[in-house]
Amino acid sequence: MQSNENLYVVLASGFPEDRGAVALQTPERGYSWDDIDRGSARIANVLRMLACPGARVAVQVHKSPEALMLYLAALRAGLVYLPLNTAYHESEVAYFLGDAEPAVVVCDSGNLEWVERVARQAGTAHVLTLDADAGGTLMAAAAGQGDAFVAVARQAGDLAAILYTSGTTGRSKGAMLTHGNLASNALTLKEYWGWRPDDVLLHMLPIFHIHGLFVATHGALLSGARMVWLPGLNIDQALRYLPECTLMMGVPTYYVRLLGDARFTRELCAGVRLFVSGSAPLLEDTFREFEARIGPRILERYGMSEAGMITSNPCDPALGERIAGTVGPALPGIAVRVVDDADRSVAAGVTGHVQVRGPNVFAGYWRMPEKTQQEFTGDGWFRTGDLGTLGGAGIPDHYLSIVGRSKDLIISGGYNVYPKEIEIILDDMSGVQESAVIGVPHKDFGEAVVAVVVPRQGASIDVPAMLAGLKAELANFKVPKQIHVVDSLPRNTMGKVQKNVLRQRYG
Ligand code: AMP
């Protein structure tokens, strides 16, 4: 008989023997491992009556312990979990439901009216509600159910989740992730980041995205480690709980915000063994300021919906240093290469397209076979759409640095301009907090380089002096035609700078 490769079975193999111990701590109460196991079993019993294995469950709810149980219940019932950003509006949700045709939709009671409308259009038979305080029809239905559930048999290649990419251009695509993809990535990270049962994770990330739902949650569950479960980034609460935590995961903005608070000190973080950053580039300034003030270096890693975690700076110093501006080597069992337009590997230090191969790489885009085929090479490498460099000045050849998304590459007068090259120079200039460089349509050059700069608090920017500084360091075609000074850059919930918004604004 084949073993059950259901991801829930893999995760539950790490639950501690003491099922009465606290697994999730919210500011209000603790949830034991038993609570998680039984709670998700009750919900799985509800889902089983509504949908068959392989059917999709679309979920747009606020973060809560019950929302995590719902995710685990979907895995147990063999359903395909489809988390949706809570910021999505009716027309966006209508697209996802129409595309994924879920059998069940779970939403916040406050959105029920329009969710029911779009679910009906998508042919979804069941709409349930789950509120941040555990109210709603889902938990009411679960209350009457048994608290045991044998996980439905799944093989490694069976789908566990569909994550829709944020899709700033064109249609958003559903990345199909299998039980095997997620389990292999979780097991690799457990080992590489040295997860232990006595770890305590500060979990402030949203759970509609790989970072909070998979990377953070799977690591803790698989290790039997406790999570401090906060609804989102809240500096006061983070400062309150950090002294009892050993691990924190965040997007770069979290670290910037924490460093902006005088109460965030070395003493407060004395027990934290690992700070992880990802989902967007961590500024070298933040990395250095953090090290100087708090002590350890932030561990930056790189990944994406389609492939989970791909590279990570080392956790164990015996494996190498954590280097600012890099995302580290490929994780064990995963291969990364940087290639030219003809898929040939480029030399160390040369920028090219980042490609990845390994058990973490997704099964393709939902109902988009052609798109899927385009994004893989003949020999099975996935084209990440990111530009990067392996090695380079003073950096070991197996360390990757991300230069940006290939669609953000600017082609001005026929020349390639990598925004990151200009952003690094701008960020180093006095008075600059951060910057974003974009290409906007230009009648002579095709695209013109435009810089958007955020000054440090209290600093003022001398644009002509800045331009003179850039001209001294860069070829003329890379020097921005315009520099805009703004208070802040537009970012999405995962801390990514929305360059599409900037292109629209300054185009
Ligand atoms: P998502 O699928 O929403 O997780 O977005 C994945 C994309 O985020 C990647 O393709 C990268 O462009 C970007 N990304 C993730 N981690 C990093 C990082 N550490 N540094 C730079 N970009 C990152």
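Q: Which residue takes a positive phi just after H8?
A: The model discussed here is predicted. Just after helix H8 the backbone reaches a residue whose phi is positive, at about 65°. That residue is Gly-224.

Q: How far apart are the end C-alpha atoms of helix H8, residues 210-223?
A: Helix H8 has 14 residues, and at 1.5 Å a residue these should span 20 Å. The distance in the model agrees with this expectation. The end C-alpha atoms of H8 are 18 Å apart.

Q: At which residue does H8 bend?
A: Helix H8 is mostly covered, since 14 of its 14 residues are buried. The helix also bends by about 35°. The bend lies at Thr-217.

Q: Is Tyr-254 buried or exposed?
A: Tyr-254 has its place in helix H10, residues 252-259. Its relative accessible area is 7%. A residue counts as buried under 20%. Because its relative accessible area is 7%, Tyr-254 is buried.

Q: How far apart in space are Tyr-254 and Asn-234, C-alpha to C-alpha?
A: Leaving aside residues up to four places away in sequence, Tyr-254 touches residues including Leu-233 and Met-248. Asn-234 is 20 residues from Tyr-254 in sequence. In space, the C-alpha atoms of Tyr-254 and Asn-234 are 9.2 Å apart.

Q: Which residue in E16 stands opposite Arg-337?
A: An open sheet is formed by 4 strands in the order E15-E16-E17-E18, with antiparallel pairing. Its edge strands, E15 (335-339) and E18 (395-405), each pair on one side only. E15 is joined to E16 (residues 351-357) by 5 bridges. Opposite Arg-337, the residue in E16 is Gln-355.

Note on methods: Residues numbered from 1 in each chain as written. Predicted model: local features only at pLDDT ≥ 70, side-chain atom pairs only at ≥ 80, totals over all residues. Heavy atoms only, no water. Helix = DSSP H or I, 4+ residues; strand = E, 2+ residues; numbered from the N terminus. Buried < 20%, exposed > 50% of the residue type's maximum accessible area, 1.4 Å probe, protein only. Contact = heavy atoms within 4.5 Å. Expected span 1.5 Å × (residues − 1). Bend = angle between axes of the 7 residues up to and from the residue. Pairing = 2+ DSSP bridges.
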